[in-house]
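Work through the exercises below with the sequence and the model side by side. Try each task before reading its solution.

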Amino acid sequence: MEASLRLPSSFLPTQPNQTLTLTRTHTVPNFPISYPSRRCRLPVIRAAISRTKKEETVDSVKNQLESCHLLAGIRFKGFTVKQFQELRRSLPDSAHLLVAKNTLVGKAIEGTQWELLRPCMKGMNAWLFVHTEEIPEALKPYRSFQREKKLEENDFVGGVFEGKFYGPEEFRFLETMPSRAEIYAKLLGSLQSPSIGIIGTLQAPARELVMVLKAYVQKLEEESNGVASNA
């Protein structure tokens, strides 16, 4: 592109051999002109993903509760990933350990017997779901792990068993309660005693025999509860 320069007549040479010299005294830099570009807005999907993940966690907790006999919280702060994996491997197949936010677990247990756990939903917790009546066998691996790793502060924060809340100081009862096999063994030993009229009991109709057995099992459990309360 050509540019023309017009000068006043007073600047033009007056003599034939006279030349006009132009001196550049200032140069204007040629800055590129940029125009603001329109930013294309992408759809926000992070919130949707987060919501889906939360819903999956709540559903997972609800599924675990369907066949759960005991739900217990364990203080999780300070655990390493390696320790957590090691603890999971030490648990029996009847127990499942899950790390989830208190708010999500609280939402899953809302309106159920497990809602008694709300007072201990503080800080970071791992949740132990026990799917067997053999409670001591499910709790024993964590106690061994706790002693081995010297994690005294990472104790049970609470648990619910058969609709009753157990605080940390009451877990001794859960860890020492007799198993069903032990109860039935005691029952069998008592049935062999002539003092309860074993012959007459065995000759009774099946329904009455079942009622007698259930009543005796309940008596043994009540005695076991009384011993634990006095301990």
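Buried means under 20% relative accessible area, and exposed means over 50%. The model is predicted.

**Exercise 1. Which residues of α2 are buried, and which exposed residues lie on the face turned away from them?**

Step 1. Apply the cut-off to α2. Its buried residues are Q83, F84 and L87.

Step 2. Look down the helix axis. The buried residues of α2 fall within an arc of 100°, so they line one face of the helix.

Step 3. Recall the helix repeat. An α-helix has 3.6 residues a turn, so residues three or four places apart point the same way.

Step 4. Turn to the opposite face. The exposed residues V81, K82 and R89 sit there, away from the buried side of α2.

Step 5. Find the cover. β2 and α4 are among the elements that cover the buried residues of α2.

**Exercise 2. Describe how α2 and α4 cross, and list the residues that meet.**

Step 1. Two packed helices are described by the angle between their axes and the distance between the axes.

Step 2. Give the values. The axes of α2 and α4 come within 9 Å and cross at roughly 145°.

Step 3. Assign the hand. The crossing of α2 and α4 is right-handed.

Step 4. List the partners. From α2 come Q83, E86, L87 and S90; from α4 come P141, Y142, F145 and E148.

Step 5. Sort the residues of this contact by type. There are 4 nonpolar, 2 polar and 2 charged.

**Exercise 3. Which residues have the most contacts inside the largest nonpolar core, and which element gives the most to it?**

Step 1. Take the core as a whole. The largest nonpolar core has 26 residues.

Step 2. Pick out the residues with the most contacts inside this core. They are L97, L128, I135, L139, F156 and L174.

Step 3. Two or more residues come from each of β1 (70-75), α2 (81-90), β2 (95-99), β3 (125-130), α4 (135-148), β4 (156-161) and α5 (171-176).

Step 4. Find the main contributor. α4 gives the most, with 5 residues.

Step 5. Examine L97. Beyond four places in sequence, L97 touches I74, F84, L87, R88, L91, A126, W127 and L128.

**Exercise 4. Is V160 buried or exposed, and what does V160 contact?**

Step 1. Locate the residue. V160 lies in strand β4.

Step 2. Check its accessibility. V160 has a relative accessible area of 0%, so it is buried.

Step 3. List the contacts, leaving aside neighbours within four places in sequence. V160 contacts H69, L70, L71, Q113, W114, L116, L117 and F165.

Step 4. Take one of these partners. L70 is 90 residues from V160 in sequence, yet their C-alpha atoms are 5.8 Å apart.

**Exercise 5. How many helices and strands does the protein chain have, and in what order do the elements run?**

Step 1. Count. The protein chain has 8 helices and 5 strands.

Step 2. The order is α-β-α-β-α-β-α-β-β-α-α-α-α.

Step 3. Of the 231 residues, 30% are buried.

Step 4. Among contacts with a separation of 6 or more, 74% join residues 24 or more positions apart.

Conventions: Residues numbered from 1 in each chain as written. Predicted model: local features only at pLDDT ≥ 70, side-chain atom pairs only at ≥ 80, totals over all residues. Heavy atoms only, no water. Core = buried A, V, L, I, M, F, W, Y, C linked by side-chain atoms within 4.5 Å. Buried < 20%, exposed > 50% of the residue type's maximum accessible area, 1.4 Å probe, protein only. Helix = DSSP H or I, 4+ residues; strand = E, 2+ residues; numbered from the N terminus. Contact = heavy atoms within 4.5 Å. Axes fitted to C-alpha atoms, helices over the stretch in contact; angles between N-to-C directions. Left-handed = near helix turned anticlockwise from the far one by under 90°. Nonpolar A, V, L, I, M, F, W, Y, C, P; charged D, E, K, R; others polar. Arc of directions from axis to C-beta.
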